[in-house]
Amino acid sequence: MTTYVISVPGTFTGTVQDVTKDELARALRPADPHRTHLGDEEDLDALSVNDDGTFTMRLTVEADTAAAAEGRAQEVADSALRAAGLDRDIAPLGPSVVTGIDSDV
């Protein structure tokens, strides 16, 4: 298995309170990219929110392939949204993209 850093973009379609964004960030902690060597070097945050309502979740997942990692990241993102009381109607997600591979090789 390889550790992948995956970016999952999204957009809040309405106003989302700061407390809800904080809950979302907390729900992402197990997949926080700071737990990888790459995340330490790049200072990656699990959740970045822009003024226009767009956001990016940066997650670490274990998988055998990049495609499997991207799928797993979508699952983690959906779970975190639900934990924060959000869904894909309020926060639709874009396609996942591998942005780093944390490997000892």
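Where is Ala46 found? In this predicted model, Ala46 sits in the loop that runs between helix 2, residues 37-42, and strand 2, residues 47-49. Ala46 is buried, because its relative accessible area is 8% and the cut-off for buried is under 20%. Leu24 lies 22 residues from Ala46 along the chain, and the C-alpha atoms of the two are separated by 9.5 Å.

Next, Thr20. Thr20 belongs to helix 1, which covers residues 18-27. Thr20 has a relative accessible area of 16%, so this residue also counts as buried. What is Thr20 in contact with, leaving aside its neighbours within four places in sequence? The answer is Ala84 and Leu86.

Four strands make up an open sheet, with antiparallel pairing, and the order is 2-3-1-4. The edges are taken by strand 2 and by strand 4, residues 97-102; each has a single partner strand, so one side of each has no neighbour in the sheet. From one strand to the next, the twist averages 20 degrees.

Strand 1, residues 2-11, runs antiparallel to strand 3, residues 54-63, and the two pair over ten bridges. Within this pairing, Thr2 is opposite Ala63 of strand 3.

Last, what packs on the sheet? Helix 3, residues 66-83, does, and it touches strand 1, strand 3 and strand 4. The direction of helix 3 makes about 125 degrees with the direction of strand 3.

Conventions. Residues numbered from 1 in each chain as written. Predicted model: local features only at pLDDT ≥ 70, side-chain atom pairs only at ≥ 80, totals over all residues. Heavy atoms only, no water. Buried < 20%, exposed > 50% of the residue type's maximum accessible area, 1.4 Å probe, protein only. Contact = heavy atoms within 4.5 Å. Pairing = 2+ DSSP bridges. Axes fitted to C-alpha atoms, helices over the stretch in contact; angles between N-to-C directions.
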